[in-house]
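Thanks for coming. I will go through some ring contacts and then some pockets. Please have a look at the structure first.

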Amino acid sequence: MMKSIWVIGPGPSLLNYKDHINKLDGKNIFVFQNVFPAILSHFNIKPTHWTWCDIQASKFGMRYLAKNPNFDIKALLPNPVCSECLDTGDIVNFEKYFQGGKPIPNNGRISEAADNLMEWDEYIRNYKSIKDDGRIKKIPTTSLGWLLKNLPLDEVKKIMMPENRFKNKQVIFGTDIYENDWYMRENKLSFNILPMLQYLGFNNVFIMGFDGLWGRFYDKNWKTKGFVGEYKLLDRWVKWEKYTNMKLYSVTNCAINNHIPYINFEEALEMDR
């Protein structure tokens, strides 16, 4: 049986599809970072899966779940990429997975999550509360940057070959090696979300809200980085279908349609009956 999921990103184009999105209630819905819990106050749907890569961008979601113990969602925690720092209380144990990279290396601080010590303490308390009540599911995860720092380059190249990487016991954040390093300006859709969905075994992935436009559906002044709309390396996920057993579909009109197949929203609904 084919497993389908709807991936809803933060893009402002979603505001043009409110009636469409509200038809998704009861479907498998995957959201990323700050989209949860913002999505709850903009659309009449309830996401089923939530994950993050930047600790800072999961702060509001963690707070919401801690205050709403009966809210049912699969909170998918990248482990140890995002869990190690919560167990130790040291943000360095998160940042080490994303140091370096090209074309502009990440050096020094990566996240603002621990800058405010009161908020950081609250975050860790919220995490422990949610973990204790069983709403955290740890997903074995590493990053391409971490592999490159800890293994010989030739070994990493072998791991990252599509015929090998999707047999790996860990989700690997980062699509492919770039100039013998990892590409640190990749859209989070291909960098984080698609590796996670492939690991979870979804076959039809319906994508909306990754439009590369300025702002967010919940914050029109959000400063979207220009490279987000470049979708570099996303095309490889289309070419890798025979390895991932995963078909990608855009269901809205936006620039991502130059990189993945577009189908009408109603057609997608028919596929997910």
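Are W237 and W240 buried or exposed? W237 is buried, and W240 is buried too. Keep in mind that this is a predicted model.

Now the rings. Searching the whole structure gives 22 aromatic pairs. One of them is F166 with W237, an edge-to-face pair with 5.6 Å centre to centre and 65° between the planes. F166 is in the loop between α9 (162-165) and β6 (171-173), while W237 is in helix α11 (residues 234-239), so this pair ties together parts 71 residues apart in sequence. F166 is buried, as is W237. W237 also pairs with W240, again edge-to-face, at 5.4 Å centre to centre and 65° between the planes.

Elsewhere, ring pairs join F36, W50, W52, Y64 and F71 into a cluster.

K3 has its charged end over the ring of F202, 4.6 Å from the ring's centre. For K232, the ring is that of Y183, and the distance to its centre is 5.4 Å.

The largest pocket has a volume of about 1,300 Å³. Its lining has 43 residues, and Q33, D54, K188, K225 and F227 lie nearest the centre. Two or more lining residues come from each of α3 (59-67) and α10 (188-200). By class, the lining has 21 nonpolar, 11 polar and 11 charged residues.

The second largest pocket has a volume of about 170 Å³. Its lining residues include M1, K3, N204 and R273. So much for K3: the residue with its charged end over F202 also lines this pocket. That lining divides into three nonpolar, four polar and four charged residues.

Technical notes. Residues are numbered from 1 along each chain as its sequence is written. This is a predicted model: local features need pLDDT of at least 70, side-chain atom pairs count only at pLDDT 80 or more; totals for chains, interfaces and linings use all residues. Side-chain values use heavy atoms; hydrogens and water are left out. Rings of Phe, Tyr and Trp (its six-membered ring) pair if their centres lie within 6.5 Å; planes under 30 degrees apart count as stacked, over 60 as edge-to-face and the rest as tilted. Helices (H or I, at least four residues) and strands (E, at least two) are DSSP runs, numbered from the N terminus. Buried means under 20% relative accessible area, exposed over 50%, partly exposed in between (1.4 Å probe, protein chains only). A charge sits over a ring if NZ of Lys or CZ of Arg is within 6 Å of the ring centre and within 35 degrees of the ring normal. On a 1 Å grid over the protein atoms alone, a cavity is a set of points where a 1.4 Å probe fits but cannot get out, and a pocket is an open set with protein on both sides within 12 Å along at least five of seven lines; lining residues have an atom within 4 Å of a point. Grid points are joined across faces, edges and corners, and a volume is the space filled by probe spheres set on the points. Ala, Val, Leu, Ile, Met, Phe, Trp, Tyr, Cys and Pro count as nonpolar, Asp, Glu, Lys and Arg as charged, and the others, Gly among them, as polar.
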